[in-house]
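Please read it with the coordinates open.

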Amino acid sequence: MILDCAIIGGGPAGLTAGLYTTRGGLENVTMFEKGMPGGQITSSSEIENYPGVTGEISGMDLMMPWPEQCQRFGLKHEMVEVLRVSKDGDIFKIHKGDGTISEAHSVIIGTGSSPRRAGFAGEDELFGRGVSTCATCDGFFYKGKEVAVIGGGDTALEEALYLAKICSKVYLVHRRDTFRSAPNTIERIKKAENIELVLNSVPDEVYGDNMGVTGIRVKNNNGELRDIKVPGVFTFVGNDVNNQALIQEDGSFLCDMNSAGEVIVDISMKTSVEGLYATGDMRIAAPKQVVSAAGDGAVAALQAISYVDEKLN
Ligand code: FAD
Ligand code: NAP
C-alpha cells in the first residue's frame, strides 16, 4: 500500500502534521519517529510561552496528549529511524532502519535539531558521566551540589534557572558579557542568588576521574584560567539541524538546502521537490519555537492534502 502521506519525525511539527492530515481526510498516514513522540521540548523543564497553557508545565507534560489526539483521527505511528527519503518517479521511498521501505505520495519532514557539542577538551570523554545537555534528565543527580552551565542563549539561561532550584550553586559560563535570551529571563538570572555569572569566559577543559567529572577549567578573555570544582557540567550551546534523512546515496540532498544545512521552503512549507514539505526547526528562518513548529505542521498538512487530492483524483 502506498501511503497518502509519510510524516518523518514526531515532534511538535510532525505531530501537528499528523493531526491535520488525518483530520483533513487523508486516509493512510504514518508518522515515523525513532524515539518517543514529543520532540526535543520533552527535555525542557519548563515552558511558559505556549499559548493558552498557563502555570508551570514541563515540556514532557505539554506534549503528553498530542500523540493520542492524532491517533483518534487515524494517524499510524511506527517507531523506527528513517535513514533516507528518496523519490522514484512521483513516489517517495522511506528507507528505514529496520531494513524495510515504505512508499508514499507525499512526505512531511520535521526531524528537528539536536544539541551541539561545545568542543572543549574532555567534553566527549566525560559525556554522560557528568557532562550533560539535559537538565530535566540529569539535574536531580546534583541535588544540593554545585554545577556549571555553558552558554548564553534562551536554553542555557532557562536551564540554569531550573538547576538553581535543585543545586546549591550554578556557575553560568558565557563567552561574552551579554546574553541572546529573552529580557525577562536575563532579569531572573541576575536576581538569582545562587547563580554566579562567569562572563567573557570559555571552557578550556572538563576533567574528572573514574567516577566522572570533578571540575571544569575556564579561560577568560585575558587568558586567565580558573578552576571550578563541580561534579556536573551542562552545555547548552545551540543545535544542529537533523537533515541526515534527506541525504541521497551520492551524498547530495533530496531538495535544496542553505549553507547551514537547513531546508529551503516557501511560506507553504513547500521544498524544491514536489510533494515534499519541510517543517519546524529544520527549515530556513525557523523561529525555533513549539508554536511555530506546530504551525508549520498544520500549513504543510493542508498543502499535502491538496497535493494528494489532485494527484489521485
Ligand atoms: P523536534 O522537537 O526536534 O522533533 C523532531 C523529532 O524527529 C524528534 O522526536 C526526533 O526523535 C525525530 N527524528 C529525528 N530524526 C529522525 C529520523 N531520521 N527518523 C525518525 N525520527 C527522527 N520552544 C518554545 O517554544 N518554548 C520553550 O520554552 C522552549 N524551550 C526549549 C528548551 C530546550 C531545552 C530545548 C532543547 C528547546 C526548547 N524550545 C522551546 C524549542 C522547541 O523545543 C523546538 O523549537 C521544537 O521542539 C521544534 O519542533 P520540531 O518538531 O521541529 O523538532
Ligand atoms: P542559541 O540561541 O544558538 O545560543 C547558543 C549559546 O551558546 C550562545 O549564547 C552562544 O554564544 C553560545 N555558544 C555557541 N557555541 C559555543 C561554544 N562552542 N562555546 C561556548 N559557548 C558557545 O541556542 P539555544 O539557547 O539552544 O536556543 C536555540 C533556539 O531555540 C533559539 O532560537 C531560542 O530562542 C529557542 N529557544 C527558545 C526558548 C523560549 O522561547 N523560551 C527556550 C529555549 C530555546 P554567543 O551568544 O556568543 O553566540
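Predicted model: local features only at pLDDT ≥ 70, side-chain atom pairs only at ≥ 80, totals over all residues.

The points below take the ligands in turn and then the cavity and the pocket.

1. Polar contacts of ligand 1. A backbone N or O atom of Ala13 is 3.0 Å from an oxygen atom of ligand 1, and a polar backbone atom of Ser113 is 3.4 Å from an oxygen atom of the ligand. From a side chain, a polar atom of Asp281 lies 2.8 Å from an oxygen atom of ligand 1. On its own ligand 1 has 1,000 Å² of accessible area, and the protein covers 91% of it.

2. Which residues come nearest to ligand 2? Of the 19 around it, they are Asn49, Asp154, Glu158, Arg176 and Arg180. The shell holds 4 nonpolar, 9 polar and 6 charged residues. Helix H5 (residues 154-166) gives the largest share, 3 residues. At least three residues of the shell come from domain 1 (3-115 + 239-312), and at least three from domain 2 (131-235).

3. Polar contacts of ligand 2. A polar side-chain atom of Arg180 is 2.7 Å from an oxygen atom of ligand 2. In the side chain of Gln289, an N or O atom lies 3.0 Å from an oxygen atom of the ligand. The backbone contributes as well: a polar backbone atom of Ala118 is 3.0 Å from a nitrogen atom of ligand 2. Taken alone, ligand 2 exposes 910 Å², of which the protein buries 76%.

4. A residue at both sites.

5. The cavity. How many cavities of 30 Å³ or more are there? The count comes to 1. About 100 Å³ of space lies in the largest cavity. Its lining consists of Ser44, Ser45, Glu46, Glu48, Glu158, Glu159, Leu161, Tyr162, Thr185 and Arg188. H5 and helix H6 (183-191) are the elements that give two or more residues to this lining, and H5 gives the most, with 4 residues. The lining divides into 2 nonpolar, 3 polar and 5 charged residues.

6. Position of the cavity. Why is the largest cavity placed between domain 1 and domain 2? Domain 1 (3-115 + 239-312) and domain 2 (131-235) both give residues to its lining, so the cavity lies between them.

7. The second largest pocket. This pocket has a volume of about 190 Å³. It is lined by 13 residues, and Lys270, Glu274, Gly275, Tyr277 and Tyr307 lie nearest its centre. Strand E17 (276-278) and helix H7 (290-312) are the elements that give two or more residues to the lining. H7 accounts for the largest share, 5 residues. The lining is made up of 4 nonpolar, 4 polar and 5 charged residues.

Note on methods. Residues numbered from 1 in each chain as written. Chains lettered and ligands numbered in written order. Heavy atoms only, no water. Near = heavy atom within 4 Å. Polar contact = N/O pair within 3.5 Å; in protein donor to acceptor, adjacent residues only side chain to side chain. Areas by Shrake-Rupley, 256 points an atom, 1.4 Å probe, with all protein chains shown as cover. Nonpolar A, V, L, I, M, F, W, Y, C, P; charged D, E, K, R; others polar. Domains from an automatic or database assignment. 1 Å grid on protein atoms, 1.4 Å probe; cavity = no way out; pocket = protein on both sides within 12 Å on 5 of 7 lines; lining within 4 Å. Points joined across faces, edges and corners; volume = space filled by probe spheres on them.
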